[in-house]
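Welcome, and please have the sequence and the 3D view at hand. Let's walk through a few pieces of this model together.

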Amino acid sequence: MDDALRIVIAGLGAGTAYALLALGTVIVYRGSGVVSFATGGFALVGGVTYYEVTVAREASPTVGIAAAVLAAALAAALVQLLVMRPLRRATPLTRVVATLGVLAIFQEIASELHETTRFVPSFLPSGTWVVGSIDLPQDRAIMLGITLGLGVVLQLLYSRSRFGLATTGVAENERATASLGWSPDTVAIWNWSLGGALSGLAGVLVTAVINNGVSPTSLTLSTVPALSAAVVGGFASFRLTILGGLLIGVLEALAFRYIPQPGWPSAISLIVIVVMLIVRGQAVPLRGHMSERLPAVADGRARVVGLAVAGAGMVAYLATVDGSLASALVTTMVFAALCLSMVVVLGYAGQLSLAQFALAGIGALFAVQLCARADLPLPLVFVTAPLLTGLVGLVVSIPAVRVRGVNLAILTLGLAVAISGVVLANEKYTKGPVQDGVIGADFQVSPASVFGLRVDELTHPHRYAALCVMVVAILGWMVASLRRGRAGRRLLAVRANERAAMSLGVSVASQKLFAFTVAAVLAGAAGVMITYRDVTVQFAQFDPFVSIELVLLSVLGGIGSVVGALVGAVMAPTGLIGTIIEHSVSLSGLFGLVVSFVVVANLILAPDGIAMGAMRTMRRMRRRRVAEDDSRLMAGSEDVGFRAEPKTLRLSGVGISFGGTRALNDVDLEVKPGEIVGLIGPNGAGKSTLIDVASGFCVRYSGTVEFSGKPVNGWSPARRARAGLTRSFQSMELFEDITVLDNLRVASEPRGGLSAVSDLFWPRRGTLSPAAIVAISEFGLADYLYSKPDELPQALRRLVAIARAVATSPSVLMLDEPAAGLDEASRIELSHLIIRLGRELGIGILLVEHDVELVLRTCDRIVGLNFGEVIAEGSPDSVLKDEALVSAYLGDVVEDSGESSPALRSV
């Protein structure tokens with residue numbers, strides 16, 4: 001017990017530093033809405049400044065602390081002013097990538113200034129206080145007091161002061177707060193400064209008290225537990241954030257003491273993140289959730305001329321360069337495979353993974369085992385090791401089903417640190433078998449050979465470079481093929497809007513797992529290439545923070561294209577461009593710093609990346625557009641017939657509450673095949689909530705939803721859509737990154753699982769279902785198939801949204817305010833289209849619409865809803881005479897004159 005208590009007290013030291021860093025992260029988020037990964041960078045600024053002032057220049061600790069805190073605050077303010085302010089309209093993920101670039105900049109600078117750890121004396125007393133039977137270290141107690149005291153001050157500042165209230169106001173509504181005289185930019189700068197100051201103070205404590213030295217790696221790694229503690233606090237609560245930081249520090253100390261296997265302390269943050277994100281995560285995105293708009297995606301078409309020129313260039317390059325430049329090409333190809341993995345997981349699926357380089361380490365580990373123990377030849381290793389890595393990627397990505405966006409980035413960064421510490425740093429896995437309790441020597445990798453031809457890099461660097469080029473060419477072809485195929489369209493649909501993808505029958509969870517698996521396979525291939533570069537593999541090289549470098553390089557080149565991955569790989573610090581420049585001009589290791597600056601600048605000026613900008617320019621110069629053969633696509637459409645399978649939707653006793661508000665209460669509703677049912681009521685009546693319940697987006701409801709006589713309460717939105725129960729959305733929620741045709745393809749293509757694998761090698765152009773062809777014809781979309789939704793006027797966008805829902809071949813279609821924003825002529829046309837869907841195609845339709853006139857001339861039956869309860873039901877004429885419904889709309893009862901109320905008709 002005494003031993004455990006001492007361990008707990010010791011862990012409070014690191015816990016206080018984590019808590020301070022996490023408080024800085026929470027303050028930045030509250031003031032600007034940015035989840036900052038640059039926290040460790042500001043801690044680096046504080047730690048390095050303290051060393052330079054107190055040790056190098058022999059100033060007092062007080063002066064050093066003040067200088068460190070001020071320097072970190074100034075650095076944070078400059079980041080907000082120069083980087084985040086220009087990106088204030090960018091997506092949250094883009095801003096996260098920018099903070100990763102800032103972290104990389106600070107790390108590169110610190111590494112140049114302090115290549116090795118330098119001793120820094122502690123400024124706190126090293127004695128102990130005796131409290132009962134407990135020996136309490138004075139420095140840990142003082143650090144804990146500082147942290148708790150700052151927590152109290154921050155709580156008072158943000159709950160009682162005008163500045164704190166303004167910060168809360170900016171977080172909730174920038175425009176409203178600005179109208180009261182508070183500049184959101186000024187509020188953000190002050191919060192970034194305060195957050196940077198706290199991070200700088202944490203950096204001082206880590207440098208002087210905990211580590212007694214400047215260690216850029218240690219300070220950078222502190223970003224992970226700090227983010228974990230911020231997750232515990234929900235990026236809002238100071239008290240829970242402090243508790244989270246202290247808890248992580250204590251758990252790390254206990255793991256170090258009581259778990260004999262190495263690396264487990266580094267896994268504590270991951271465990272905490274996983275628990276919190278799974279508990280708080282949402283498997284189904286809430287209403288209004290839309291995935292952030294990411295950089296543009298290329299079409300995936302292979303340009304034969306470009307491929308021929310690139311191949312000829314590679315041959316000429318290898319024929320003329322020396323061994324060092326051939327090795328630089330190998331490095332470039334390794335990064336190319338890794339960047340391709342980022343294209344799949346981030347570019348296509350929209351999932352920001354910071355674990356790709358750690359997965360490459362897993363691939364290298366498999367390759368070493370297969371080569372040294374199973375004695376497999378290189379070709380088999382190149383196939384087997386990546387596939388095994390894909391299985392690992394599939395398993396570790398399971399928590400991604402419940403988290404998304406920035407939360408996923410935090411989770412995968414913790415995963416990278418855990419893999420590095422628990423697996424890749426464990427000599428039981430990375431070295432030979434244990435004999436007499438002694439770990440064996442490093443595994444020996446057999447010289448690479450293909451069909452008897454030696455291709456190892458040590459003796460034949462040009463051959464190995466050529467082999468790696470061929471491997472990357474195959475991987476690049478697979479990634480481009482994936483983009484062109486059915487699986488690629490589904491991934492882009494998930495990336496654009498998870499909610500809309502679910503409504504079309506796309507399993508979001510399956511698509512995410514597929515993307516992570518393919519990306520892991522690509523990362524595993526990179527690990528195999530690393531394995532055969534030497535006779536042994538140094539697993540220490542798989543630094544988890546290299547994954548951050550991968551994200552930056554991929555974004556710099558263009559995260560949405562294969563060409564972008566190659567451009568980013570060429571820019572790797574030890575890759576082709578860096579080596580060529582080093583041969584000409586000595587940068588003394590500054591190339592990585594230059595690249596980090598370029599990435600941040602590129603995010604501001606050209607967020608789609610270098611490659612996408614160049615491809616757009618080339619398309620403008622050619623002045624031609626690649627399109628498919630319209631006549632072949634629509635050939636014979638006149639003869640295509642579609643009739644919906646007759647199924648009935650029935651809701652019985654449905655109720656749901658949000659907090660203390662009863663949104664629906666004992667609602668009964670039925671939609672029969674071919675019947676058009678209108679659902680009307682004032683704002684807040686529960687109409688959209690009822691559609692959410694019926695379509696599966698609300699899961700915690702009472703009562704029963706039946707479809708075709710079967711209860712579907714436990715069915716996901718995707719499963720209900722595949723069964724024929726489909727919906728549209730108020731905000732349309734189209735997939736803006738792909739064409740109208742591909743929007744329809746996503747809705748109409750079959751869901752066979754084998755297509756996801758076959759698309760990697762032989763992508764299918766895609767076919768349209770009879771329902772989709774009928775929708776194109778009925779809604780007049782033939783001339784707009786190759787336009788993107790954001791290029792269309794509002795009325796056409798509305799038609800595309802409904803046509804996409806029809807393309808799923810629904811039996812029952814729920815339309816949520818389809819006439820919103822349309823003029824009178826468009827509303828009349830829409831009414832005729834809805835009637836044809838019901839009468840001619842046999843689709844049962846539930847129409848939610850505020851335009852009562854449209855509902856009257858369109859619907860067979862109308863249901864009135866108010867405060868979540870059915871207050872009227874019947875034919876259009878009878879419902880319009882219902883006093884309760886009229887009162888719900890107008891606030892008073894209109895006397896029944898025997899005629900329908902003109903006042904209600906005009907609502």
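Leaving aside its neighbours within four places in sequence, which residues is Ser554 in contact with?

## About the model

This is a predicted model, in which local features need pLDDT of at least 70, side-chain atom pairs count only at pLDDT 80 or more, and totals for chains, interfaces and linings use all residues. Residues are numbered from 1 along each chain as its sequence is written, and side-chain values use heavy atoms, with hydrogens and water left out.

## Ser554 and its surroundings

To take up the opening question: beyond the neighbours within four places in sequence, Ser554 touches Cys339, Met342 and Ile559, where contact means heavy atoms within 4.5 Å. Ser554 belongs to helix H23; helices (H or I, at least four residues) and strands (E, at least two) are DSSP runs, numbered from the N terminus. With a relative accessible area of 1%, Ser554 is buried (under 20% relative accessible area; exposed is over 50%, partly exposed in between; 1.4 Å probe, protein chains only).

## Where H14 meets H23

Helix H14 (residues 323-348) packs against helix H23 (residues 546-557) at an angle of about 80°, and their axes are 9 Å apart. Axes here are lines fitted to C-alpha atoms, for helices over the stretch in contact, and angles run from 0 to 180 degrees between N-to-C directions. H14 and H23 are therefore roughly perpendicular (65 to 115 degrees; under 35 is roughly parallel, over 145 roughly antiparallel, the rest oblique).

On the H14 side, Phe335, Leu338, Cys339 and Met342 take part, and they meet Glu549, Leu550, Val551, Leu553 and Ser554 of H23. The residues of this contact comprise seven nonpolar, one polar and one charged (Ala, Val, Leu, Ile, Met, Phe, Trp, Tyr, Cys and Pro count as nonpolar; Asp, Glu, Lys and Arg as charged; the others, Gly among them, as polar).

## The six-stranded sheet

Now to a sheet. Six strands form an open, mixed sheet in the order S12-S13-S14-S9-S15-S16, with pairing requiring at least two DSSP bridges between two strands. Strands S12 (725-727) and S16 (869-874) are the edges, each pairing on one side only. On average, neighbouring strands of the sheet are turned by 20° against each other, direction ignored.

Within it, S9 (residues 676-680) and S14 (residues 844-848) pair in the parallel sense over four bridges, and Gly678 has Leu847 in S14 as its bridge partner.

## Helix H29 on the sheet

H29 packs on this sheet, touching S9, S12, S13 (812-816), S14 and S15 (861-866), and its direction makes about 150° with that of S13. Nine of the nine residues of H29 (residues 687-695) are buried, so the helix is largely enclosed by the rest of the structure. Just after H29, Gly696 adopts a positive phi of about 95°.
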